[in-house]
Amino acid sequence: MDDNILEMRSITKTFPGVKALEDVSLTVRRGEVHAICGENGAGKSTLMKVLSGVYPAGSYDGEIVFDGDVCRFSGIRDSEHVGIAIIHQELALVPYLSIAENIFLGNERRGRGGLINWNKVNAEAGELLDSVGLDENPLIPVGQLGVGKQQLVEIAKALSKDVKLLILDEPTAALNDTDSAHLLGLLRTLQERGITSIIISHKLNEITAIADNVTIIRDGQTVETLSLHAGEVTQDRIIRGMVGRDLESYYPERESHPGAEVLRVEDWTVKHPTQDRLVVDHANLSVRAGEVVGIAGLMGAGRTELAMSIFGRSYGRDISGRVFMHGKEVRTRTVTEAIDNGIAYATEDRKKYGLNLIEDIRRNISAAGLGKLSRRGWVNSNEETKVAESSRKSMNIKAPSVSSIVGKLSGGNQQKVVLSKWLYTDPDVLILDEPTRGIDVGAKYEIYTIINDLVAAGKAVVVISSELPELLGTCDRVYTLSAGRITGEVPVREATQESLMALMTKERELAA
Amino acid sequence: MTRTVPPEAGQTPPNAEFTPKPAGQSGSGNMREFLRSNLRQSGIYIAFIAIVALFTFLTDGTLLSAGNVTNLVLQYSYILVLAIGMVIVIIAGHIDLSVGSVVALTGAVSAVLVIDRGLPWWAGVLAAIAVGLLVGAWHGFWVAYVGIPAFIVTLAGMLLFRGLTLQVLDNVSLSPFPAEYRDVASGFLNGLLGGYGYDTFTLVIGAVAVAGYAVSGWRSRAARTRYGQPVESLALFIVKVLAVGAVVMAFAWQLANARGLPIVLIILGVLAIAYGLITKNTVFGRQVYAIGGNLSAATLSGVKVKAVNFWIFVNMGFLSAVAGVIYSSRSNGAQPAAGEMFELDAIAAAFIGGAAVTGGVGTVVGAMVGGLIMAVMSNGMSLLGVDQSIQSVVKGLVLLLAVAFDVYNKRRAGASR
């Protein structure tokens, strides 16, 4: 009865100045699918790093019992050796090597004389691919596969090591619905073969669909473990555990009073930078002052591409179409022109495209508005500090001072720095691309509040998001985008998740 | 993990360092806080002082003798000039391997005009600088507008401009320069205000420099106070001015007791101050750091990346030409092999001075101190009669350790996340 494959007991892990995990316990039964839920920064990834030996024994307090033995891993190799495999959010495959080479990377099957028998390896790889339901030639380079298939290769790689416990960190975050469904089905198949899985996910519908038990972590502590068998545990119930409060207050209230049109884009067409296809296809959209407009679309629909191409042609080639601000056509051929015309774009990937992580808060906030802070090319650094300081206060950026390095801030605070940067350029329209991606619920609420304040002050805001509830909770109007075309424009009071999803998949079905 | 607190905050009350203090208020912890918050930068100064002290001790004080201090300045001036340009290139995330060849080419052009054609000395200087600017524009064009990595462009430039140097000089050395030209690197301002066994003028310039430092420090302090920002206590400020003043005046005293104020030191001082201000206080300087820190973010913030990169290399060409003039002046002629390996000294100076290999980090002052560390080490070891081969080994190890220290520091900082 009490057949637990894994028990983590009273794990406490401290970083200088921060307690990341405090007395966390996790019990996983043999052969189950166990989900771990929690806000970003709750400590899920840290816990998995402790389990997989990334943080070696001795750097944390507590005990790990795997398969009946107390384990003290000093590195990933040790945990792999006993049969624990972890598949990270960012896939760790070498794009230029073949599927087979990737599967056996670091675990090469050496034959006679230390040479690799490639025929045997490729045949074995083929069998592993069959077992994960991937119908690909093991000789083709991994870089040619889509994300979903790469994920399957990662699982095949884990299987090649005789895995007993498979840990998947946000496996479906980058997958479309079909690939997600396939992956979750695969977990069931593996379960039948006796492989236990731990799945970390934000997608609660998937968790309720597949997991046997779910452990909720909040602020570095275990909140509870719920059994999903009885069918009584709803998604709302899980969220309550994660957040520690009910969902009603998730999106702040706002009265909407749209004014005159601020931004209008007509006939916007963008080609892929390297391939011969249209990424945005004759798109038309408009935003009014005091209005929040959403752009919904599945991955690859061209949401980010649309926004970035408008913002100084930062994406794509052969761009055609017209941009109007306040009814007058404007040039937005460079980022500077776009900024000067009152457009701001806060990227979906703030670490890669939004922030200088090694620089302090102050200089990140001033980065796009140095022109306002300088005379004849000389920067007034006192004024700069004053501006940053006032943003820090008004945005509630949690940092000891404006000279704190941005790379050390949490996701939510980093996002506030990005917003501060763009607000300082005093834009008329802000395009926010996935403004709450990777930040925790509390900070999300603050970001929504900031959006509300902006529109109350007469700005126009465009929100691009892959979370439909977020669009429904924040926007006045939503455009749906599918395969580069605008397939619908719906006032939010008439929209439901289902109706938006139908529009977002419209073109695909026509094309298929 | 939701609240990330910098590592040092664990030991002190989090806001202690950052709460604005009224001007003039002094605290016993003030000095320690100042040192700790500046440890990354002050590490290099401490290392410099330690190395100077070590070699002064080993050479029984010869290192800091009047004649040797003058020599140090003259010998390494062109490396320091190159280090200024190089650190800017490195902050932006590039590298320049061609500066040695450009030093040779600009010196050669100047020598041909002045020695061969008999043009006045200033025509040689202007021509050298024009050539340097052209070379910089060439590099800038390929790096910024064609998008070829600077490593490749300047590696090609290293070969290209070395070859052109040989062409210009027809494979032979040219010498000697007229006296005015030689004065750029070897001349002294001496006896302008008379003296009594020492040169008064040098001391006056030293005093003016210290006064300038104090006044500008005071004005920025006042400006910060006006904006309600924290400033160091008055006592600490005075101690700082007195310490800098003492070092500068001691240095000036040694120069005054030798041959007076070297002209090249004036050039160097002007360049150091100008570029220190440019990197720190201008839009251009900020954009250089932004590009090196995160190129994509800089682009999406409206930085005209191509133009900035272009001008970074034009500037490097300009400073290479200045170094070329100084070097040709010092060696009193132009040689086909002039300036070989200078790029490596300049790069080493920038890295020892705290620049990051990944870009985005570094200071002009740091690079100059890095260059001086190398200068003091080679000079000190030469005084001790250490073999050239051993000197090279030591310099290599110091460079490696300096960067290792930087990497270690970063890892320690990163571990807190």
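Trainee: Starting with strand S15 of chain A: what stands opposite Phe324(A) in S15(A)?
Mentor: That's Glu329(A). Three bridges join S14(A) to S15(A), residues 328-330, and the two strands run antiparallel. Strands here are DSSP runs of E with at least two residues, helices are runs of H or I with at least four, and both are numbered from the N terminus. Two strands pair if DSSP finds at least two bridges between them.

Trainee: Before I get carried away, what kind of model is this?
Mentor: A predicted one, where local features need pLDDT of at least 70 and side-chain atom pairs count only at pLDDT 80 or more, while totals for chains, interfaces and linings use all residues. Residues are numbered from 1 along each chain as its sequence is written, and chains are lettered from A and ligands numbered from 1 in the order in which they are written.

Trainee: Okay, back to the hairpin of S14(A) and S15(A). Which residue takes a positive phi there?
Mentor: His326(A), with a phi near 50°. The hairpin has two residues between its strands.

Trainee: And which strand do six bridges join to S14(A)?
Mentor: Strand S11(A), residues 261-271, which runs antiparallel to S14(A), residues 317-325. In that pair, Arg264(A) has Phe324(A) as its bridge partner.

Trainee: What about the start of the chain? How many bridges join S1(A) to S4(A)?
Mentor: Five, between S1(A), residues 4-15, and S4(A), residues 61-66, in the antiparallel sense. Glu7(A) stands opposite Val65(A) there. Val65(A) also stands opposite Val70(A) in S5(A). S4(A) and S5(A), residues 69-71, are antiparallel and share three bridges. They form a hairpin with two residues between them, and Asp67(A) in the turn has a positive phi of about 55°.

Trainee: Zooming out, how many helices and strands are in chain A?
Mentor: There are 19 helices and 22 strands. The C-alpha atoms fill a box of roughly 70 × 50 × 50 Å along the principal axes.

Trainee: How is chain A divided?
Mentor: Into domain 1 (4-246), domain 2 (258-342 + 427-512) and domain 3 (352-426). Those bounds come from an automatic or database domain assignment. The C-alpha centres of domain 1 and domain 3 of chain A lie 37 Å apart.

Trainee: Show me a sheet. What's the order of the one with S6 and S10 in chain A?
Mentor: S6-S7-S8-S3-S9-S10, an open sheet of six strands with mixed pairing. S6(A), 84-87, and S10(A), 221-227, are the edge strands, and each pairs on one side only. The twist averages 20° from one strand to the next.

Trainee: How do S3(A) and S8(A) run, parallel or antiparallel?
Mentor: Parallel, with four bridges joining S3(A), residues 33-37, to S8(A), residues 196-200. Ala35(A) has Ile199(A) as its bridge partner in S8(A). Helix H6(A), residues 177-192, packs on the sheet by touching S3, S7 (165-169) and S8 of chain A, and its direction makes about 155° with that of S8(A). Axes are lines fitted to C-alpha atoms, for helices over the stretch in contact, and angles run from 0 to 180 degrees between N-to-C directions. Residues are in contact if their C-beta atoms, placed from the backbone, lie within 7 Å.

Trainee: What about the open sheet with S16 and S22 in chain A?
Mentor: Its order is S16-S19-S20-S13-S21-S22, again six strands with mixed pairing. S16(A), 343-346, and S22(A), 485-491, are at the edges with a single partner strand each, so one side of each has no neighbour in the sheet. S16(A) pairs with S19(A), residues 429-433, in the parallel sense over four bridges, and Ala346(A) has Leu432(A) as its bridge partner in S19(A).

Trainee: Switching to chain B: how is it divided?
Mentor: Into domain 1 (60-180 + 262-406) and domain 2 (191-258). Their C-alpha centres lie 28 Å apart, and the contact takes five residues from each of these domains of chain B.

Notes. Two residues are in contact if their C-beta atoms, placed from the backbone, lie within 7 Å.
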